[in-house]
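Colleague: I have the sequence and the model open. Please show me how to read them.

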Amino acid sequence: MTLASATVRSGRHGPPGSPQDKRIRPVNRNAGTWFLVLPALIPILILSVGPLLYGIVLAFTDAQSGRTRSTQWVGGLNFQDLLHDALFWDSFRIGLLWAVGVTVPQFVLALGLALLLNQNLRMRWLARALAIIPWAMPEVVVGIMWRLVYNPDAGILNETIRDLGLGDGRDWLTGLATALPAVIVVGVWAGMPQTTVALLAGLQNTPHELHEAAALDGAGAWRRFRTVTWPVLRPVALSITALNFIWNFNSFALVYVLTNGGPGGRTRLPMLFAYEEAFRYGQFGYAAAMGCVMVAVISVILAVYLVGRLRGGEDR
């Protein structure tokens with residue numbers, strides 16, 4: 001056997017001991033992965049994780065506004081005060097009513113709209129573009145626009161009621177019985193497009209052949225939806241419902257512009273209550289404790305909800 005053939009068979013491209021004889025060392029892929037993730041991870045750590053940890057620490061202090069006042073460690077005193085704060089728990093109840101009252105109609109109406117936009121309609125592209133307009137509008141603009149709609153003197157809603165002979169209208173945003181329902185309507189209108197887009201994406205992943213096979217077997221529209229569409233759509237529906245509940249419970253700008261928590265605290269969501277405690281009354285430590293309680297309670301509720309839905313899916 002010649003030296004050249006031995007070299008080729010041994011996989012070497014030079015004499016033993018030469019630089020070409022050195023084996024290629026495996027590349028550390030973890031280092032490369034972290035290098036690519038860091039540009040996105042650093043802002044999250046600075047803008048999200050950092051303030052969250054700082055807020056948790058702040059909840060165990062008596063931090064207040066004012067540069068000359070020293071901050072003292074008070075342990076769980078803020079949380080003890082929260083347990084006896086009826087105003088906070090009332091705002092928490094209102095927040096749950098708001099979150100459920102917005103999330104459920106959002107999902108039902110968005111599902112119907114997504115099923116409609118998934119059909120082979122004329123000008124479907126225009127309908128889809130118009131459907132996402134409320135989602136593209138800032139919450140402050142939405143709030144100002146709906147304040148004009150609900151205006152008691154010249155609002156389009158009261159003008160329509162008067163033209164139809166149904167009465168003289170009413171002041172929707174300042175009535176004790178109508179303020180929260182009126183705000184919920186705005187929340188549903190503003191958040192429905194996002195849910196529609198997510199559900200529409202899930203519907204488009206449903207194989208068309210399954211619908212055709214079910215139709216040939218004599219299945220009606222409802223049965224096709226229950227046996228073909230819903231199993232594919234269920235993971236998307238579960239995810240978007242959970243996210244909507246979190247976003248709706250943490251709403252601030254929309255309700256702040258519409259009612260500022262009034263009348264008489266009927267629309268004072270927990271975020272508005274914490275905002276007032278921190279920036280109107282300067283009780284930073286107490287407001288931070290409110291934030292910790294809200295995060296903990298909502299996390300528990302969502303965990304129970306998600307586990308229940310997942311177990312229900314496995315049983316099926």
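Modeller: Start with burial: a residue is buried under 20% relative accessible area, exposed over 50%, and partly exposed in between (1.4 Å probe, protein chains only). Take Ile133, with a relative accessibility of 41%. That value makes Ile133 partly exposed. Ile133 belongs to helix α6, residues 133-136.

Colleague: How far is the C-alpha atom of Ile133 from that of Ala190?

Modeller: The two C-alpha atoms are 9.0 Å apart. Along the chain, 57 residues separate Ile133 from Ala190.

Colleague: What should I know about the model itself?

Modeller: It is predicted; local features need pLDDT of at least 70, side-chain atom pairs need 80 or more, and totals for chains, interfaces and linings use all residues. Numbering starts from 1 along each chain as its sequence is written, and side-chain values use heavy atoms, without hydrogens or water.

Colleague: How many helices and strands are there in the protein?

Modeller: The protein has 14 helices and zero strands. Both are DSSP runs numbered from the N terminus (helices H or I, at least four residues; strands E, at least two). Of the 316 residues in the protein, 34% are buried.

Colleague: How do I judge the length of a helix? Take α9: what end-to-end distance does it reach?

Modeller: Compare it with the expected span, 1.5 Å times one less than the number of residues. Helix α9 covers residues 179-203, 25 residues in all. From first C-alpha to last, α9 reaches 36 Å, close to the 36 Å expected.

Colleague: Where does α9 bend?

Modeller: A bend is the angle between axes fitted to the seven residues ending at a position and the seven starting there. In α9 the bend is about 40°, at Gly191. Pro193 follows within four residues.

Colleague: Why is α9 called largely enclosed by the rest of the structure?

Modeller: Count its buried residues. In α9, 19 of the 25 residues are buried, so the rest of the structure largely encloses this helix.

Colleague: What does α11 show when its end-to-end distance is compared with a straight helix?

Modeller: Here the ends fall short. Helix α11 has 29 residues, and a straight helix would reach 42 Å, but its end C-alpha atoms are only 35 Å apart. There is also a kink of about 60° at Trp230 in α11.

Colleague: At what angle do α9 and α11 cross?

Modeller: Axes are lines fitted to C-alpha atoms, for helices over the stretch in contact; angles run from 0 to 180 degrees between N-to-C directions. The axes of α9 and α11 (residues 221-249) cross at roughly 160° and come within 9 Å. That makes the two helices roughly antiparallel. The classes are roughly parallel under 35 degrees, roughly antiparallel over 145, roughly perpendicular from 65 to 115, and oblique for the rest. α9 also packs with helix α7 (residues 139-149), at about 135° and with the axes 11 Å apart. α7 and α9 are therefore oblique to each other.

Colleague: How many salt bridges does the structure hold?

Modeller: Three. The test is a side-chain nitrogen of Lys or Arg within 4 Å of a carboxyl oxygen of Asp or Glu. Arg93 pairs with Asp90, with the closest N and O atoms 2.8 Å apart. Both sit in helix α4 (residues 86-117), three residues apart. That is about one turn of the helix. Arg93 is partly exposed at 44%, and so is Asp90 at 32%.

Colleague: And where are Glu159 and Arg162?

Modeller: In helix α8, residues 156-163. They too are three residues apart, about one helical turn. Glu159 is partly exposed at 31%; Arg162 is partly exposed at 30%.

Colleague: Is Glu276 buried or exposed?

Modeller: Buried, with 9% relative accessible area. Its salt-bridge partner is Arg268, with 3.5 Å between the closest N and O atoms. Arg268 is partly exposed at 22%.
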